Amino acid sequence: MTTSLGAPRAVPTEAAERAAEAAAGLLVHTVAIDDVGDLLARLPGPDPARTFSWVRRGEGVVGWGEALRISTAGPGRIRAADAAWTAAVGRLRVHDEVGLPGTGAVAFGSFAFSPASAAGGVLVLPEVVVGRREGRSWLTTVRRADAGPAARAGSEPPALPTPQPVTAPGQVTYRDGALSAEAWQAAVAEVVGRIRAGEVAKVVMARDVVARAAAPLDVRHLLGRLAADYPACWTFAVDHLVGATPELLVRREKGLAACRVLAGTIRRTGDDADDLRRAAELARSSKDLEEHELAVASLVKALRPYCASINVPDAPFVLHLPNVMHLASDVTGVVDGALGHPSTFPTHGAGGTGPSSLALAAALHPTAAVGGTPTREATAILAEAERMDRARYAGPVGWIGADGDGEWGIALRSGELSASDSHEVRLFAGCGVVAASDPAAELAESEAKLQPMRGALAGR
Ligand SMILES: C=C(O[C@H]1C=CC=C(C(=O)O)[C@@H]1O)C(=O)O
């Protein structure tokens, strides 16, 4: 079946109907403002339920408050949220005086890794969004149409609130999550055995640890530290999930899809000469190259149906982060609007073409970098072997605009702040396990991957 752009959309789900109802009567207004400087310094309060971030190298969007929430669950959690966002966008009244990616209506989202997780998925349209890109800054406010006269074009933008002081966590103690370090190594050894027996090629095994802080955790403290220490990563906060991920699941911008695939890791020592030697070792390591190739191949396979053309680099580069180095490949594609999947994916907005950024994220998740290869068998093994619910860790996290463009990272190097105890956060890290993996080395790698969150929790 072929469907032209703007053709009837997928049958509305219950979530879409609720979202459309909630969006009716909301006014979204974006105005240009003077340079905001540090976006994260604008966040007014410590509450992880009402604080949103997607920032890299000082650019991106932050938001606070909640004008609209879309909640989904189950195997269709990402697609249902996408359809609900489309339905909501159709009812919003948007006045955008800036017209850049991230202006106008923007929803922040995060989704559970597993369809079976109670964590489900969420998209939130905050009450206020502040953004910065290429020297331009903007402020977006969302209000009810019946809440007084709207600001007029050219009138003074509303003043930003004065942030409450940021509080440090104080003393932090750690305890085991689902498995102790020993038990997790035993689980990895068992999985290596299954890989060697030919069941699968690769399984990404994750573990969790629980941190407890003396003071209630202020999400802005964690974000500030992550952004300062890991400027090359996307520093995110959505609905209690906070982290700094080096891995971009997919960005869709003006018809172009871009993905950063990571797989293959070596720890850094802190000694520059030694790290350079290790980077060269990583680039030659057959174990890591194999792991990386599996990840790229599975991403390309999943992306291909949505693209008119795809560009895959011949060889990975080494991405240097302060804690680890990764083999990395930037894959790009031209999103094919005509080849979109209108029966499954709604087309987006007046100017939108083909699957939205979130629909692409749904198609790509879980990648081999967080699940394994082949996906179905590997995710079944990890669900059994890890003995925990990953919740939103390793799921898509990011933002989507009214036209369907947006950016979705993979929620790595992250923690889930407890909704019931403001002193606690559960940290996660995982490692690609292949036939040549050594459990002790994987444990050490997982410790290195926990370092960004441990550092952010350090009480400075
Ligand atoms: C699963 C994680 O990392 C993935 C991303 C990059 C490299 C990886 C690796 O080399 O194992 C992992 O696949 C994590 O950080 O929790």
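Mentor: Points are joined across faces, edges and corners, and a volume is the space filled by probe spheres set on them. Please keep in mind that this is a predicted model, in which local features need pLDDT of at least 70 and side-chain atom pairs count only at pLDDT 80 or more, while totals for chains, interfaces and linings use all residues. Residues are numbered from 1 along each chain as its sequence is written, and side-chain values use heavy atoms, with hydrogens and water left out.

Trainee: How many cavities of 30 Å³ or more does the structure hold?

Mentor: There are 5 cavities of 30 Å³ or more in the structure, and the largest cavity contains about 190 Å³ of space. Its lining is made of 20 residues, and those closest to the centre are Ala 369, Leu 412, Arg 413, Gly 430 and Lys 449.

Trainee: Which elements give two or more residues to the lining of the largest cavity?

Mentor: Elements here are DSSP runs numbered from the N terminus, helices (H or I) having at least four residues and strands (E) at least two. Two or more lining residues come from each of β11 (202–213), β15 (256–267) and β23 (424–433), and β23 gives the most, with 5 residues. By class (Ala, Val, Leu, Ile, Met, Phe, Trp, Tyr, Cys and Pro are nonpolar, Asp, Glu, Lys and Arg charged, the others, Gly among them, polar), the cavity lining has 10 nonpolar, 5 polar and 5 charged residues.

Trainee: Which residues lie nearest the centre of the largest pocket?

Mentor: They are His 365, Pro 366, Thr 367, Thr 375 and Thr 379, out of the 31 residues that line the largest pocket, where about 640 Å³ of space lies. At least two lining residues come from each of α2 (77–89), α6, α7, β19 (372–373) and α8 (375–385), while α6 gives the most, with 5 residues. The lining of this pocket divides into 16 nonpolar, 9 polar and 6 charged residues.

The backbone by this pocket deserves a look as well. His 365 and Pro 366 are joined by a cis peptide bond with omega of about -5°, and Pro 366 belongs to the loop between α7 and β19. A cis bond also runs from Thr 373 to Pro 374, with omega near -10°, and Pro 374 sits in the loop between β19 and α8.

Trainee: At what angle do α6 and α7 pack?

Mentor: An axis is a line fitted to C-alpha atoms, for helices over the stretch in contact, and angles run from 0 to 180 degrees between N-to-C directions. Helix α6 (residues 286–303) packs against helix α7 (residues 357–364) at about 130°, their axes being 9 Å apart. That makes α6 oblique to α7, since angles under 35 degrees count as roughly parallel, over 145 as roughly antiparallel, 65 to 115 as roughly perpendicular and the rest as oblique. In their contact (heavy atoms within 4.5 Å), Leu 299, Ala 302 and Leu 303 of α6 meet Leu 360, Ala 363 and Leu 364 of α7. These contact residues comprise 6 nonpolar, no polar and no charged.

Trainee: How do α2 and α7 lie to each other, roughly parallel or roughly antiparallel?

Mentor: Their axes come within 9 Å and cross at roughly 170°, so α2 and α7 are roughly antiparallel to each other. Here Ile 78, Arg 79, Ala 81 and Asp 82 in α2 touch Leu 358, Ala 359 and Ala 362 in α7, and this contact has 5 nonpolar, no polar and 2 charged residues.

Trainee: Which residues meet in the contact of α4 with α9?

Mentor: Helix α4 (residues 219–229) and helix α9 (residues 439–457) pack at about 125°, with axes 8 Å apart, and are therefore oblique to each other. His 221, Leu 222, Arg 225 and Leu 226 in α4 meet Pro 452, Met 453, Gly 455, Ala 456 and Leu 457 in α9. The contact of α4 with α9 divides into 6 nonpolar, 2 polar and 1 charged residues.

Note on methods. 1 Å grid on protein atoms, 1.4 Å probe; cavity = no way out; pocket = protein on both sides within 12 Å on 5 of 7 lines; lining within 4 Å.
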